[in-house]
Amino acid sequence: MNVAVRIARYESRDVSRGRWLVVYVVLLFGLAQTLLALEADTTRALAGLINVVLIVVPLVGLLFGTLHMYGARDFNRMLLAQPVGRRELFNGLYAGVALPLAGATILGLGLPLVVAALRDPSALAGVARFLAVAVVLTLASVSLSFLTSVAIRDRAAGMGVAVLIWLSLSVLYDGVLIVAASTLPSAALERPALIMTLLNPIDTARVLLLMQFDGAALMGYTGAVFRNFFGGATGSVVAFLTLTAWIVLPLLLARRIFRRSDL
Amino acid sequence: MHGVLARRLASGTVAAIGVLVASCGTGAPSAFETADQAAHAEHAPMEHATTDLEQRPAPDDRPGIPDSESLETEPTAARTVLIVDPAGPLSSIGEAVRAAAPGSRILVKPGVYTEPTIVVDRPVTIEGEGYPTIDGEGERQLFEVTSDDVRITGLALRNVGVSYVQDRAAIRVERAARCEIDHNRIHGGFFAIYLAGATDCRVTDNHIVGTGAAETDSGNGIHAWNSSHIVIESNQIRGHRDGIYFEFVKDSRVSRNVAEDNIRYGLHFMFSDRCRYRSNSFRRNGAGVAVMYTSDIEMVGNRFESNQGSAAFGVLLKDIRDSRIADNEFRENSVGLYAEGFDRTVVEGNDFVRNGRAIRLLSNSAETQFVGNNFEGNTFDVTTNSRRVRSSFEGNHWDGYGGYDLDGDGVGDVPHRPVRLFALIAERSPVTTVLLRSFFVTLLDWTERVVPSLTPDNLVDERPAMRPLDRSAT
Amino acid sequence: MIRIENLNKSYGRLDVLRDVSLAIPRGRITALVGPNAAGKTTLVKSILGLVRPGSGRIVIDDHPVSRDPVYRERIGYMPQQPAFPDNLKVGELLEFMDDIRGASEGAAAGPFDRAPGRDLIDTFNLSDSMDRRLGTLSGGTRQKLNAAIAFRYGADLLLLDEPTAGLDPLARTRLKEVIAQERERGTTVLVTSHVLSELRDLAEHIIYLVDGRLEVSSSVHELLRETGAPDLEQAVARLMAESVDAGTDAQRSGAVGEAG
């Protein structure tokens with residue numbers, strides 16, 4: 001068995017036993033359960049959970065990943081004093097952190113939602129997409145957290161940057177987009193708007209959920225680019241690929257930095 | 001025609017009894033038959049007929065020939081039955097019609113008939129046995145009805161063929177009264193059934209499938225022009241340009257039809273006053289349903305579903321006045337109800353579910369009331385194009401209502417403003433639609449809700465219902 | 001033997017190691033001493049590959065240190081202030097380390113003949129703590145575990161950074177015994193410590209760094225002779241005094257006192 005897999009196994013064991021992970025599972029579970037109790041049908045509960053997922057999942061992914069990486073710095077040195085390559089250590093660390101966190105997302109949101117969907121099969125497709133998006137978004141935000149923690153040595157600065165990334169991606173970015181879209185002439189904005197959306201992982205995740213819950217509104221838009229994008233499977237495929245790129249690219253960059261830096 | 005007169009009187013009496021029965025709660029949904037026979041038999045005043053049809057329990061579902069007709073025509077026993085069979089001796093329907101005495105019945109045996117357009121110029125019943133096929137070979141109209149009291153039933157009609165110069169139809173009725181077109185299967189009619197100047201006609205239980213791919217090479221499923229007292233009921237229409245098309249049609253009734261996957265509109269009418277639309281379903285039509293320039297219509301209990309696209313509407317209402325739109329369901333349309341010049345109309349008890357925009361109300365509408373509707377899971381509940389609206393909203397249930405009900409009377413204590421700020425932004429800059437459900441947008445909407453500054457001042461529901469309004473109670 | 005040739009390292013504008021060349025003799029115990037911020041830890045990290053040198057190279061027994069981690073098969077390392085994953089148990093950590101060491105065995109089988117590992121679990125009475133979570137361990141127990149891991153795999157090169165810090169006197173004595181035993185069987189040991197008395201009985205060779213520069217690299221024997229000091233502590237103290245006299249700043253002299 002590969003060294004990275006061995007590292008991932010012990011790392012994930014450590015992470016899974018952490019108190020915060022339990023808190024996170026309970027939080028997600030509570031939110032999902034509350035909305036399911038408040039809303040008449042599962043689909044509406046899901047729609048209500050969209051904001052929660054788009055806010056909470058990236059925030060937790062970013063903070064948890066960054067904190068963990070800073071906390072593990074000394075032990076990582078110790079591991080690297082063993083016959084372990086940096087690439088292997090990095091891969092193992094990512095899997096060891098991201099997978100338990102993704103598992104927590106599935107457990108916290110998935111358990112109540114799947115149970116609800118079994119009673120209301122019309123919501124099954126929505127639940128499946130919802131969970132897939134939540135998981136991919138978790139992985140992407142852990143990727144970004146790894147990038148943050150290897151790029152910035154100082155722990156306090158790193159945490160600050162992680163929060164700033166979250167704030168930018170979840171709020172500021174969209175604010176700028178709205179202002180830009182409403183001030184620029186609307187004619188040629190369609191493609192840029194779509195591209196800008198895909199350049200933000202949280203927006204990409206949001207668009208994936210929009211396609212599930214606001215199809216009627218999206219199809220009401222006049223432009224051909226949107227209609228082609230949102231009309232068929234193209235949009236979903238492109239958005240999922242983009243979100244996957246948001247996992248892979250920051251991670252590769254982070255690993256490159258990690259392999260070259262002094263520890 | 002003494003029988004007819006007697007029948008009319010009797011029908012009035014039965015109607016009165018029917019009212020009593022219905023009020024006792026035994027009203028059956030298919031309550032139209034007998035009243036119709038009355039209208040069919042004689043020009044009963046439409047007012048009368050409508051009260052009738054709303055209240056009246058049906059004797060039974062009609063199998064083949066309605067009993068009224070047999071009752072009515074029995075005394076004129078002179079009528080004959082002609083049998084058309086591909087094996088002869090009589091193998092042409094047209095020939096049979098020409099040979100028939102008025103009031104005859106022409107029974108068409110199974111087979112495929114290709115013959116010149118059949119002109120029905122005398123009151124006869126043409127009845128198919130086992131759906132004999134009449135094929136237009138892509139180049140002609142199949143039936144042209146020019147006489148009153150014609151019935152065409154049980155036929156399979158196909159291949160009318162596209163024409164760019166003539167409104168060709170599988171069955172065309174020209175200036176005739178009391179025709180009855182029922183239980184036919186029409187496939188590839190350019191127009192399927194075309195009524196021009198028809199009165200008191202019934203088009204029921206037909207199964208109509210068009211084969212057109214574009215608006216230009218496709219006609220309408222059921223097309224009525226300059227007609228009155230028409231009943232269109234329980235037909236299924238798909239693949240045509242418009243499923244049902246009315247222009248200058250008065251006092252007519254469209255019920256329990258299903259129009260889906262038509263190229264343009266499921267239902268399209270204009271200048272057609274005093275018509276009633278009940279319990280129809282309009283699904284996945286290119287542009288939904290459009291009704292224009294008409295007063296006094298009633299649309300009750302219809303379903304408008306999955307009409308999606310930049311110009312697709314559950315219902316588009318333009319210059320509609322003094323009407324009633326009630327108990328309908330608008331589901332997953334890009335725009336549920338689009339209203340322009342929509343005056344003095346009541347919109348009540350409808351369900352708006354998961355539409356892009358449930359209601360788009362333009363400011364040139366006045367005195368329309370939206371009462372007791374349910375809004376659930378719509379992206380936008382109400383959008384408009386002005387800061388002042390001249391219509392009112394009251395007692396609706398809004399799933400986005402954030403207020404409370406301290407006195408527990410089921411009515412929210414805080415008024416609800418259904419127009420979101422983001423709806424205005426998306427209005428002005430449609431490309432921002434892609435930012436739907438963004439946290440930033442949520443913050444914007446929330447701010448606007450706390451300090452309204454851009455959304456319409458008087459578009460407020462002062463008495464929002466805390467719970468979805470129960471439909472079974474109405 | 002470890003040979004370090006013209007090693008330079010700087011963090012930004014701060015030069016941490018300046019053209020350091022030295023040799024750490026095989027089978028001996030070498031003491032790496034110097035005031036704080038002298039570059040001791042950076043030197044050790046360079047040997048481990050944790051720090052990438054700016055220039056120069058490090059050769060261990062004719063194998064230049066490279067990115068290939070295989071050479072670390074033969075190294076046992078005790079970091080200063082060890083940190084472990086809080087939620088693993090002591091037993092699991094040892095399992096983890098065994099796994100990692102075992103994992104590379106296939107790939108690295110051969111190049112080094114390692115002596116059998118030394119199990120210090122009993123030496124430090126750790127067997128009762130196997131089920132305890134690492135987050136709950138005291139500093140002393142942590143350090144014992146740190147030592148246990150460093151000695152566990154029969155390394156022939158031990159890099160011990162302040163190995164006795166935080167240990168109780170008994171454990172300290174035992175650790176020194178173990179180090180002595182390792183030396184007996186020919187292991188190369190590099191110890192950094194600012195408590196020179198700890199090294200008095202052990203060190204045979206001494207490397208003295210000041211401000212990133214190598215001041216002294218010689219056998220203890222020679223050092224005593226040259227400085228005329230009666231023991232290692234005094235010899236080093238004299239060295240430090242010299243470097244203070246040579247005009248180093250006050251801050252460093254404070255550090256010197258600490259180092260003495």
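## Basis and confidence

Residues are numbered from 1 along each chain as its sequence is written, while chains are lettered from A and ligands numbered from 1 in the order in which they are written. Because the model is predicted, local features need pLDDT of at least 70 and side-chain atom pairs count only at pLDDT 80 or more, whereas totals for chains, interfaces and linings use all residues.

The model scores ipTM 0.86 and pTM 0.79. The predictor's confidence in each residue is given by pLDDT, from 0 to 100.

## Contact between chains A and B

Chain A contributes 32 residues to the contact and chain B contributes 30 residues. Two residues are in contact if their C-beta atoms, placed from the backbone, lie within 7 Å. On the side of chain A that touches chain B, at least two residues each come from helix 3 (42-71), helix 7 (155-183), helix 8 (190-198), helix 9 (201-213) and helix 10 (215-219) of chain A. Helix 7 of chain A gives the most to this side, with 8 residues. Helices (H or I, at least four residues) and strands (E, at least two) are DSSP runs, numbered from the N terminus.

By residue class, the side of chain A that touches chain B comprises 18 nonpolar, 9 polar and 5 charged residues. Here Ala, Val, Leu, Ile, Met, Phe, Trp, Tyr, Cys and Pro count as nonpolar, Asp, Glu, Lys and Arg as charged, and the others, Gly among them, as polar.

## Chain C

Chain C has 9 helices and 10 strands. Of its 260 residues, 44% count as buried, that is, with 20 or more other C-beta atoms, placed from the backbone, within 10 Å of their own. Among the contacts in chain C with a separation of 6 or more, 71% are between residues 24 or more positions apart.

Chain C averages a pLDDT of 81, and 88% of the residues score at least 70. Over residues 104-110 of chain C, pLDDT stays under 50, and the model has 8 contacts beyond four places in sequence for them. Residues 247-260 of chain C also stay under 50, with 19 such contacts.

## Strand 10 of chain B

Strand 10 (residues 169-174) of chain B is largely enclosed by the rest of the structure, because 5 of its 6 residues are buried. Strand 7 (residues 143-145) of chain B runs parallel to strand 10 of chain B and is joined to it by 3 bridges; two strands pair if DSSP finds at least two bridges between them. Within this pairing, Arg172(B) is the bridge partner of Glu144(B).

Strand 10 of chain B is also joined by 5 bridges to strand 13 (residues 191-196) of chain B, again in parallel. There, Ala169(B) stands opposite Phe191(B).

Methods:
Buried ≥ 20, exposed ≤ 12 C-beta atoms within 10 Å, placed from the backbone.
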